[in-house]
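Thank you all for coming; I would like to take a few minutes to walk through one structure with you. Please have the sequence and the picture open as I speak.

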Amino acid sequence: MPKIRVLVVDDSAVIRRWSANELSKDPALEVAGTAANGKIALARLPQLNPDLVILDVEMPEMDGLETLRELRKTYRKMPVINVQLP
């Protein structure tokens with residue numbers, strides 16, 4: 001069975017690294033890549049071709065909600081998990 005490819009998007013390098021490490025522990029998942037903000041994530045989507053995007057809500061330059069709106073224009077059915085850490 002193919003692994004679920006995940007793109008992790010968060011402005012915090014620590015959270016990106018931690019998330020990628022934790023997700024990599026699951027044999028059903030593969031971290032396709034990471035991005036520091038929504039603008040970078042949108043640019044990398046065609047190259048990385050993830051099955052799922054984990055998206056921080058609060059980020060500089062392009063926040064998670066704006067990124068989600070833009071993502072939906074092209075990737076209507078892509079699963080997205082929005083997270084907001086305290």
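**Strands first, then a helix**

Leu7 stands opposite Val53 in β3, and since this is a predicted model, please take what I describe as features of that model. β1 and β3 pair in the parallel sense, over four bridges. Leu7 also stands opposite Gly33 in β2, and here the pairing of β1 and β2 is again in the parallel sense, over six bridges. If you follow the chain through β1, helix α1, which is residues 13-24, and β2, you trace a right-handed β-α-β unit.

Let me turn to helix α2, residues 38-48. Which residues of α2 are buried? They are Gly38, Ala41, Leu45 and Leu48, and because they cover an arc of only 90 degrees around the axis, they sit on the same side of α2.

What covers the buried residues of α2? The cover includes the strands β1 (4-9), β2 (29-35) and β3 (52-56), together with helix α3 (64-74), so that the strands we began with come back into the picture here.

Note on methods: Residues are numbered from 1 along each chain as its sequence is written. This is a predicted model: local features need pLDDT of at least 70, side-chain atom pairs count only at pLDDT 80 or more; totals for chains, interfaces and linings use all residues. Side-chain values use heavy atoms; hydrogens and water are left out. Buried means under 20% relative accessible area, exposed over 50%, partly exposed in between (1.4 Å probe, protein chains only). Helices (H or I, at least four residues) and strands (E, at least two) are DSSP runs, numbered from the N terminus. The arc is that of the directions from the helix axis to the C-beta atoms. Contact means heavy atoms within 4.5 Å. Two strands pair if DSSP finds at least two bridges between them. A crossover is right-handed if, with the strands pointing away from the viewer, the path from the first strand over the helix to the second runs clockwise.
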